[in-house]
Amino acid sequence: MLDVLLTVVGSLALVVAALSRWVQRAPLSAPLLALVTGVVFGPEVLGVIDLPTVVEGHKELHEFSRLLLAVSVMAVALRYRFHDVRALTRPVAVLLIGAMAAMAVVTTAVSAATLGIGLGAAALLGAALCPTDPVLASSVVSGEPAERTVAARTRRLASLESGANDGLALPLVLVAIAIAGPPGGGEALLESLRQVLGAALLGVVTGWLGGRVLSGAERHRIMQSGPLLVYTLLLALLVLGVSGLLRVDGVLAVFVAGLAFNATSSWKERKDENRIDEAVNRFVVLPLFVVLGAMLPWRAWEELGWWRGALLVLGALVLRRLPVLLALKRPLSLTWRDALFLGWFGPIGVSALFYLTMEAHRLGVDPTVLAAGTLVVVASTVAHGVTTAPGLALYRRLGGRSPGGGSTAE
């Protein structure tokens with residue numbers, strides 16, 4: 001089965017690489033192509049990739065999504081110069097504290113109303129689906145079309161929010177687990193504090209040390225160009241492994257490590273390395289979405305009810321984020337165009353899979369929660385994949401070139 005999967009994924013990756021400029025401009029995205037490939041080669045169509053459904057294989061999917069998120073949030077943390085990141089501390093804090101909590105509450109309410117489930121299951125869905133996904137968001141904040149079209153400040157906000165809220169969603173998930181399962185609220189609060197503070201400390205220390213080691217190696221010319229280009233990828237894997245041993249929030253630890261590394265190493269040193277990170281980030285997502293496409297729980301979706309599923313998807317995509325961003329337009333100092341853009345392009349993807357499978361591991365599998373969550377992830381992958389190119393074109397028509405906008409020099 002592994003050989004079959006490698007053949008399918010490798011073929012898809014070569015096609016996407018060869019047609020990368022066309023894919024960026026088409027009403028498609030690489031994750032969407034990978035998802036469709038997984039469905040076609042999966043057990044429901046050709047049967048070439050025979051994998052269990054998400055409900056049965058959630059442990060393997062959790063580890064896969066954890067690795068991918070680590071690579072992705074490291075790329076986000078290094079995407080922009082540190083002084084540009086620091087300048088956005090206040091609006092990013094508003095997004096992380098106000099917007100993320102509001103999105104969790106709205107998604108919980110939508111889940112309860114559309115599916116008719118209890119507060120515990122609805123809270124699990126609300127917490128897992130609230131963070132925006134850095135993998136799916138990368139197509140609208142990086143690459144030539146986005147950099148020529150969207151205001152630089154807006155792209156930075158979208159990137160930094162998606163990188164930070166993947167780790168900081170953990171306290172909301174732990175609260176939801178406490179509502180749905182045996183742990184009490186006090187225990188969830190203590191675990192949240194321990195994991196978040198531990199991740200922040202680990203990230204700062206490892207990122208600072210990693211930056212110092214790189215600067216020293218560059219100064220004394222003892223590092224070859226090959227290792228230099230994958231240095232931050234190796235750093236991300238190191239931090240993820242240590243965080244697992246210490247039982248702290250690994251995704252947040254990697255993001256903080258990336259920021260600390262960003263602050264202690266020069267942009268010039270990382271110029272080529274950042275391009276490698278972005279390339280890895282674009283292609284490492286393909287295996288996960290091929291696997292997801294082959295593991296979709298079609299029977300569980302049928303049991304969920306297509307009308308209820310459609311209402312959940314509509315509510316999650318339209319109500320979860322857009323009204324919240326429009327309400328925060330003034331605190332975030334956004335124009336209407338940028339508020340609408342950020343409000344729509346807050347996709348649900350790998351981070352949601354990570355937390356859905358974490359909840360299944362902690363509490364035992366709830367088929368309704370996993371079925372509903374994966375349905376929203378698939379719907380977001382399709383909706384945001386097909387609207388990226390038209391969305392960028394509409395953004396451009398609504399305001400022309402923004403004053404702080406598109407620059408590939410970033």
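Modeller: Happy to! Let's begin with a term: a helix axis here is a line fitted to C-alpha atoms over the stretch in contact, and angles between axes run from 0 to 180 degrees between N-to-C directions. Keep in mind that this is a predicted model.

Our part is helix α22, and we can start with its partner α20. The axes of α20 (residues 336-344) and α22 come within 11 Å and cross at roughly 175°. Angles over 145 degrees count as roughly antiparallel, so α20 is roughly antiparallel to α22. In this contact, Arg337, Asp338, Phe341 and Trp344 of α20 meet a set of α22 residues, including Thr387, Leu392, Tyr395 and Leu398. The residues of the α20 contact with α22 divide into six nonpolar, three polar and two charged.

Now turn to α18. The axes of α18 (residues 306-319) and α22 (residues 367-399) come within 10 Å, with a crossing angle of roughly 60°. That makes α18 oblique to α22, and the crossing is right-handed. From α18, the residues Gly309, Leu312, Val313, Ala316 and Leu317 take part, and they meet α22 residues such as Ala372, Leu375, Val376 and Ala379. The contact of α18 with α22 holds nine nonpolar residues, three polar ones and no charged ones.

Methods
Residues are numbered from 1 along each chain as its sequence is written. This is a predicted model: local features need pLDDT of at least 70, side-chain atom pairs count only at pLDDT 80 or more; totals for chains, interfaces and linings use all residues. Side-chain values use heavy atoms; hydrogens and water are left out. Helices (H or I, at least four residues) and strands (E, at least two) are DSSP runs, numbered from the N terminus. Angles under 35 degrees count as roughly parallel, over 145 as roughly antiparallel, 65 to 115 as roughly perpendicular and the rest as oblique. A crossing is left-handed if the near helix is turned anticlockwise from the far one by less than a right angle, and right-handed if clockwise. Contact means heavy atoms within 4.5 Å. Ala, Val, Leu, Ile, Met, Phe, Trp, Tyr, Cys and Pro count as nonpolar, Asp, Glu, Lys and Arg as charged, and the others, Gly among them, as polar.
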